[in-house]
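The sequence and structure come first.

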Amino acid sequence: MPEKELKRDLKDRHVQLIAIGGTIGTGLFLGSGKSIQMAGPSIIFSYLIIGIALFFVMRAMGELLLSNAGYTSFTEFATEYIGPWAGFVTGWTYWFCWIMTAMADIIAVGVYMQYWFDIPQWIPAIACLVILLGFNLLTVKLFGELEFWFAIIKVVTIVALIAVGVLLLVIGFKTDSGTVSVTNLWKHGGMFPNGISGFLMSLQMVVFAFVGVELVGVSAAETANPKKNIPSAINKIPVRILLFYVGALLVILCINPWDQLHASSSPFVDVFTLIGIPVAAGIINFVVLTSAASACNSGLFSTSRILYTLSKNQEAPAKLSRLNKHYVPSNALLTSAIVLSLGALLSKLIPDEAFTIVTTISAICFIWVWSIILISHIIYRKKRPDLRMASSFKAPFTPAINYVILALFLFILIVMLFADATRLPLLLTPIWFLLLAVLYNYQKRK
């Protein structure tokens, strides 16, 4: 009897919306409140810089994935071009990245539920995790459908916000904070009200806002037509960044001056409350709740597939590569869900600090993953000029742009050392890599 393999059940519309879902999440809907407080209106430049950098990372990843039909994720080309240690460390780090990210998302679910109900954050967090686990254990197609509709809700919401904002700008609508106007961008202390330092300190939260953009690569093994779907999804990233991030934040800052937004709540909810539409504010809270659930759903999917790949490569226990009758890696899913439930425990123990801690660790680990993609691409260009010449999806401006982005990532890590909120998580994160080094050396000796 042939060994079961992952089914290629994700269609073009699933991949397109997974890409959108990956670029719109808790980092925008909740985390942008904190980053706006740090940077003021200059947060728009932060999103542009990080967004452009990640587009080039995704182009490098796309070229590498399509250079070999056998690749199921970026851990495999990291193994081939950098070495087995890189595949091992990157695979486990990516799993850890998404565990941290999904923890932030289930913490956010608890925060959003408190808009309606006075209940402990951890209760809705656990409930959300159990429901999503149940859906993910069925079929990959069901995951694709869930993400499709979650992403549709997010897209419609942001487009509606932009449309309402433009209308309010045109008519000069007056709120308790003053008149809706483009001048709100700079008349409350300028574009850099907290100086360059505030702008730089916001970069970590903006990095977190973009985590998940590489999900297109994780879904490659379950995509029906990767040669068509992956380039299409990646090439649309710049438009999504301009519309969903820059467009939405511009509208929010024109309606509500940056210094009147709350760091601990969603600026999307704050804006609709400010303009006197409390029902709409409740609807937006529901939308950001579904957004957090969507991101947690993506986290369950990606962590289980990474564990599956690690297990297939004999870098994780063999049981984690077993598929159930629906061709879903159920053991890997259950393992990730159990670890994820620690996020609910964090929201119970340290509800005020939990979100910042897990988002910082997640951002640091994602910087590692994206850097490995860029380094793999640099080596691929040198070692396989034949594949490079034959590629129909060449990454532009390489290798120069790869080095520029790697320098940007290093700079962001250095900046994190100077912020009180991010310094401790940054200093603790190397413990993870030290643990992986020990495990890798132990595995090699077996």
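## The loop between α18 and α19

Pro-399 sits in the loop between α18 (385-390) and α19 (400-416); helices are DSSP runs of H or I with at least four residues, strands are runs of E with at least two, and both are numbered from the N terminus. The peptide bond from Thr-398 to Pro-399 is cis, with omega near 5°. Phe-397 is found in the loop between α18 and α19, and has a positive phi of about 60° although it is not a glycine. Most residues other than glycine have a negative phi, and most peptide bonds are trans.

## Basis of the values

This is a predicted model, in which local features need pLDDT of at least 70 and side-chain atom pairs count only at pLDDT 80 or more, while totals for chains, interfaces and linings use all residues. Residues are numbered from 1 along each chain as its sequence is written, and side-chain values use heavy atoms, with hydrogens and water left out.

## Aromatic pairs

The count comes to 16 aromatic pairs, where rings of Phe, Tyr and Trp (its six-membered ring) pair if their centres lie within 6.5 Å, and planes under 30 degrees apart count as stacked, over 60 as edge-to-face and the rest as tilted. One of them is the edge-to-face pair of Phe-56 and Phe-397, at 5.9 Å centre to centre with 70° between the planes. This pair links distant parts of the chain, since Phe-56 is in helix α4 (residues 43-66) and Phe-397 is in the loop between α18 and α19, 341 residues apart. Phe-56 is buried, with a relative accessible area of 14%, whereas Phe-397 is exposed at 62% (buried means under 20% relative accessible area, exposed over 50%, partly exposed in between, with a 1.4 Å probe and protein chains only).

The ring centres of Trp-370 and Phe-409 are 6.0 Å apart and their planes are at 35°, so the pair is tilted. Trp-370 in helix α17 (residues 354-383) and Phe-409 in helix α19 are 39 residues apart, and both are buried. Tyr-94, Trp-98, Phe-366, Trp-370 and Phe-409 form one aromatic cluster.

## The contact of α5 with α6

The axes of helix α5 (residues 74-81) and helix α6 (residues 84-113) come within 6 Å and cross at roughly 155°. The two helices are therefore roughly antiparallel to each other (over 145 degrees; under 35 is roughly parallel, 65 to 115 roughly perpendicular and the rest oblique).

Phe-74, Thr-75, Ala-78 and Thr-79 in α5 meet residues of α6 including Pro-84, Gly-87 and Tyr-94, where contact means heavy atoms within 4.5 Å.

Definitions and conventions
Axes are lines fitted to C-alpha atoms, for helices over the stretch in contact, and angles run from 0 to 180 degrees between N-to-C directions.
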